[in-house]
Amino acid sequence: MPADFDTIVTLAKKRGFVFPSSEIYGGLRSAYDYGPLGVAMLRNIKDQWWRSMVTMRDDIVGLDSAVIQSPRVWEASGHVASFTDPLVECTNCHARHRLDKLDDPDRCPTCGKSGTFTEPKQFNLMFRTHMGPVEGAGNLVYLRPETAQGIFINFENVRRTSRMKLPFGIAQIGKAFRNEITPGQFVFRTREFEQMEMEYFCRPEEADDWYRTWQEERYRWYLDLGMRVDNLRLRAHEADELSHYSSGTADIEYRFPWGWDELEGIANRTDFDLRAHAAATGKDLMYFDQETGERFYPYVIEPAAGATRTTFAFLIDAYHEEEVDGETRTVLRLDPRLSPIKVAVLPLSKKDELIAVVDRIAAELRPRWDVEVDITQAIGRRYRRQDEVGTPFCVTVDFDSLEDGQVTVRHRDTMAQDRIPIDEVVGYLSPRLAAPSSLSLPTGSSPSPSGGVASK
Ligand code: GAP
């Protein structure tokens, strides 16, 4: 059974993962703020993506380009002309909707009337603003709707300075902005969000192979981080769904509480973007192959994921409720690499002698992991609080610890408890909190995602 949407949203707000942006002003309904646990989990997801894409590979380098770019970038890329969604307005209640997302294209979901929509018009999703003190057409700039263009316009800078040879990739994590007609489903579709994108440049004749390889690599990344295989599938786009730059796109979809929906897109962008920027600027953006003497525009395979959307999917996927001793235990079975808190250190009582030992253990763990010390309430309730936010281990200091120098380590998933010497806590937790060695390498034999491949 998929997790209930309202339950996850309530947990996320109650435990400080996600807050509505500008909440004390009534909320903006466009963006969200990530609280102490949410920012830690989001950062863990971005770190895992960066590790698998950049740190562990010698063919991909990183970039952090500006959000505000020359407006000519977006003219050349086709976004000014084509980055649009079909907008209809209900003449009865004046609600505006995205036509292609309506269950019934003739019926307004806000007021329930049929046949009241205006003719669809193409609504451009880019946010516009003005640069500098003077407002006017000459100062119009856009907030980037994708991080990808920052990569294309730096293709030659990166190739030259990093001396990269094909095939190679450039990866970037950063904010993107889209004036979505209907943001919704919590952080799934917002107007401000974060993307994790990589543009992989290759020889045109190798593009089909890399397109397949990147679908497998990216599908496997979610599984490696513990996402349930039943909740993940690959779906190829129909021709009428393709973006203006794509010759083929496959979405990795997650089974959200409302049904299958996009988590990440892997697209074959061909040489569309490099050609477009070369034509618009007159700059030479071709690749020169020194071995063969050929000059050509590389093709680009792009795995484009949403960091914020992925965080939401992992939260949903990890959520479990189970009966323990006649009570419901809520537990987030997050992979430890994604857990916001890795270890909670808990004294059995608030007595000074116990707190002193807790502080000593926490001080030893903190340089390595995110640690929380919790001294309030009964120990059982404190375990439940940690279970609910996905903390994989609790280290409990009791009165015996003062005598025997040992503590109890409690495991989140099994609730099993091990008694170990205090000076062995780091050694005990280290392998259990690290990436499983078989999962830490990004390349090699991939489990085939074909079992999960779906048609529309
Ligand atoms: N450069 C290609 C590109 O931007 P996309 O499919 O439009 O492709 C990539 O976006 C990913 O960004 C999506 O799969 C999704 O995870 C995330 N994303 C897109 N729009 C979003 C929004 N309004 N809110 C949250 N995440 C979004």
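1. Let's start with T270, which is buried, with a relative accessible area of 15%. That value puts T270 in the buried class because the class takes in everything under 20%. This is a predicted model, so please read each point below as a description of a prediction. T270 belongs to strand β13, and its phi is near 50°, a positive value in a residue other than glycine.

2. Is E264 buried or exposed? Its relative accessibility is 0%, so E264 counts as buried. Around E264 you will find R218, Y222, A250, D251, I252, P303, A304 and A305, leaving out residues up to four places away in sequence. With one of these, R218, there is a polar contact between side chains, at 2.8 Å.

3. D325 is not a glycine, yet it has a positive phi of about 50°. Where does D325 sit? It is in the loop between β17 and β18. With a relative accessibility of 76%, D325 counts as exposed, because the exposed class begins over 50%.

4. The strands on either side of D325 make a hairpin, with two residues between them. Strand β17 spans residues 319–324 and strand β18 spans residues 327–332; they run antiparallel and are joined by six bridges.

5. Now for a peptide bond worth checking by eye. Between L166 and P167 the bond is cis, with omega near -5°. This deserves a mention because most peptide bonds are trans. P167 is placed in the loop that runs between α6 (155–162) and β9 (168–177).

6. How many residues of β21 are buried? Five of the five are, so the strand is largely enclosed by the rest of the structure. F393, V395 and V397 point one way, C394 and T396 point the other way, and all are buried. Strand β19 (residues 343–347) runs parallel to β21 and is joined to it by five bridges; in that pairing, L346 has T396 as its bridge partner. Strand β22 (residues 406–411) runs antiparallel to β21, with four bridges between them, and here V395 is partnered by V409.

7. Zoom in on T396, which lies in β21, residues 393–397. T396 counts as buried, at 4% relative accessibility. Apart from residues up to four places away in sequence, T396 touches L346, L348, I379, Y383, S401, V407 and T408. Its side chain also has a polar contact of 2.7 Å with the side chain of Y383.

8. Turning to helices, look at α2 (residues 36–55) and α9 (residues 307–318), whose axes come within 9 Å and cross at roughly 110°. That angle makes α2 roughly perpendicular to α9. On the α2 side the contact is made by M41, L42, I45 and K46, and on the α9 side by A307, T308, T310, T311, F314 and L315. These residues divide into six nonpolar, three polar and one charged. Helix α9 also holds D317, which counts as buried at 4% relative accessibility. Leaving aside neighbours within four places in sequence, D317 is in contact with G226, M227, R228, N231 and Y254.

9. Finally, there is an open sheet of three strands, in the order β5-β4-β6, with antiparallel pairing. Which strands form the edges? They are β5 (96–98) and β6 (121–124), each pairing on one side only. Neighbouring strands in this sheet are turned by 45° against each other on average, direction ignored. Between β4 (residues 84–89) and β5 there are three bridges, and L87 stands opposite R98 in β5.

Definitions and conventions: Residues are numbered from 1 along each chain as its sequence is written. This is a predicted model: local features need pLDDT of at least 70, side-chain atom pairs count only at pLDDT 80 or more; totals for chains, interfaces and linings use all residues. Side-chain values use heavy atoms; hydrogens and water are left out. Two strands pair if DSSP finds at least two bridges between them. Buried means under 20% relative accessible area, exposed over 50%, partly exposed in between (1.4 Å probe, protein chains only). A polar contact is a pair of N or O atoms within 3.5 Å; within protein, one must be able to donate a hydrogen and the other to accept it, and residues adjacent in sequence count only if both atoms are side-chain atoms. Contact means heavy atoms within 4.5 Å. Axes are lines fitted to C-alpha atoms, for helices over the stretch in contact, and angles run from 0 to 180 degrees between N-to-C directions. Angles under 35 degrees count as roughly parallel, over 145 as roughly antiparallel, 65 to 115 as roughly perpendicular and the rest as oblique. Ala, Val, Leu, Ile, Met, Phe, Trp, Tyr, Cys and Pro count as nonpolar, Asp, Glu, Lys and Arg as charged, and the others, Gly among them, as polar.
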